[in-house]
Amino acid sequence: MAITLYFAAGSSSLPAMVALEETGAPYEAVRLALADGQQRTPEYLAVYPRGRVPVLFVDGERIGENVAILTVIARRFPMARLLPFDDPVQLGRAYELLAWFSSGVHVAFAQVGRPERYTRDETAWPALKAGGRENMLAAYEEIEARLSDARPWLLGEDFSLADPYALVFHRWAERLDIDMAAYPAYSAHAARLRQRPSVQRALGHETASRPLVSA
């Protein structure tokens, strides 16, 4: 099975890479520099016309969007137990989190950092940024509440792909100048994740993987 993941350091690509590291399967990681605009180059748009990351190729078949990518990896490698497919209620909870992260929390962050995605009216950008920050703070509070009962992972005792996805937003707090000391359970969760070998290897790929070479 040939697997290639296109990703960017510090982005929401992290859970997909952690998922692949959890499986132990060989794969190629190709790194894009978003700050340099590599996602908008003809070379990458030929790979993925939406110009976003992550993108996964499995035996030549392309899959975009985090929820789809994580599902494909978890289904392809069921022994890794990355999603609770044997428990419909827990699976629903996992997808509730994944969907919220991708369509809610990530969007709130983009309002702050990329308001031009939502309107070309620059006079509206301050309001978009302010609303995005408020929504991010509300998301941090909700994640904190989910972890405040000393559970190790978002679904309870078992690790799932919702956990490294939550780490993405913890990492992004620095860009928003948010003090994560206000969220001790969430920060302890992030620290546990950073001790997990799959996460350490995934973070190592952010500097060690083959970069995309622009045409």
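Is Asp86 buried or exposed in this predicted model? Asp86 is exposed, with a relative accessible area of 60%. The close-up views below place this residue and others in their surroundings.

**Figure 1. The salt bridge between Asp86 and Arg81.** The closest N and O atoms of the two side chains are 3.4 Å apart. Like Asp86, which is exposed, Arg81 counts as exposed, at 54% relative accessibility. Both residues also belong to the lining of the second largest pocket.

**Figure 2. The second largest pocket, with about 250 Å³ of space.** Its lining includes Pro78, Leu82, Leu83, Pro84 and Phe85, together with Gln90. Leu155, Asp158, Phe159 and Ser160 also line this pocket. By residue class, the lining divides into 7 nonpolar, 2 polar and 3 charged residues.

**Figure 3. The largest pocket, with about 780 Å³ of space.** The pocket is lined by 33 residues, of which Arg52, Val53, His106, Arg114 and Arg117 are the closest to its centre. Strand 2 (28-32), helix 4 (88-113) and helix 6 (162-172) each supply at least two lining residues. Helix 4 gives the most, with 5 residues. The lining comprises 16 nonpolar, 8 polar and 9 charged residues.

Figure 4. Because 10 of the 11 residues of helix 6 are buried, the helix is largely enclosed by the rest of the structure.

**Figure 5. The salt bridge between Glu21 and Arg201.** The side chains of Glu21 and Arg201 meet with an N to O distance of 2.7 Å. Glu21 lies in helix 1 and Arg201 in helix 8, so the pair ties together parts that are 180 residues apart in sequence. Glu21 counts as buried, at 12% relative accessibility, whereas Arg201 is partly exposed, with a relative accessible area of 40%.

**Figure 6. Further salt bridges, from a total of 8 in the whole structure.** The side chains of Arg151 and Asp149 meet at 3.2 Å, N to O. Arg151 counts as partly exposed, at 26% relative accessibility, and Asp149 is partly exposed as well, with a relative accessible area of 48%. Elsewhere, salt bridges that share partners join Glu96, Glu142 and Arg146 into one network.

Definitions and conventions. Residues numbered from 1 in each chain as written. Predicted model: local features only at pLDDT ≥ 70, side-chain atom pairs only at ≥ 80, totals over all residues. Heavy atoms only, no water. 1 Å grid on protein atoms, 1.4 Å probe; cavity = no way out; pocket = protein on both sides within 12 Å on 5 of 7 lines; lining within 4 Å. Points joined across faces, edges and corners; volume = space filled by probe spheres on them. Helix = DSSP H or I, 4+ residues; strand = E, 2+ residues; numbered from the N terminus. Nonpolar A, V, L, I, M, F, W, Y, C, P; charged D, E, K, R; others polar. Buried < 20%, exposed > 50% of the residue type's maximum accessible area, 1.4 Å probe, protein only. Salt bridge = Lys/Arg side-chain N within 4 Å of Asp/Glu carboxyl O.
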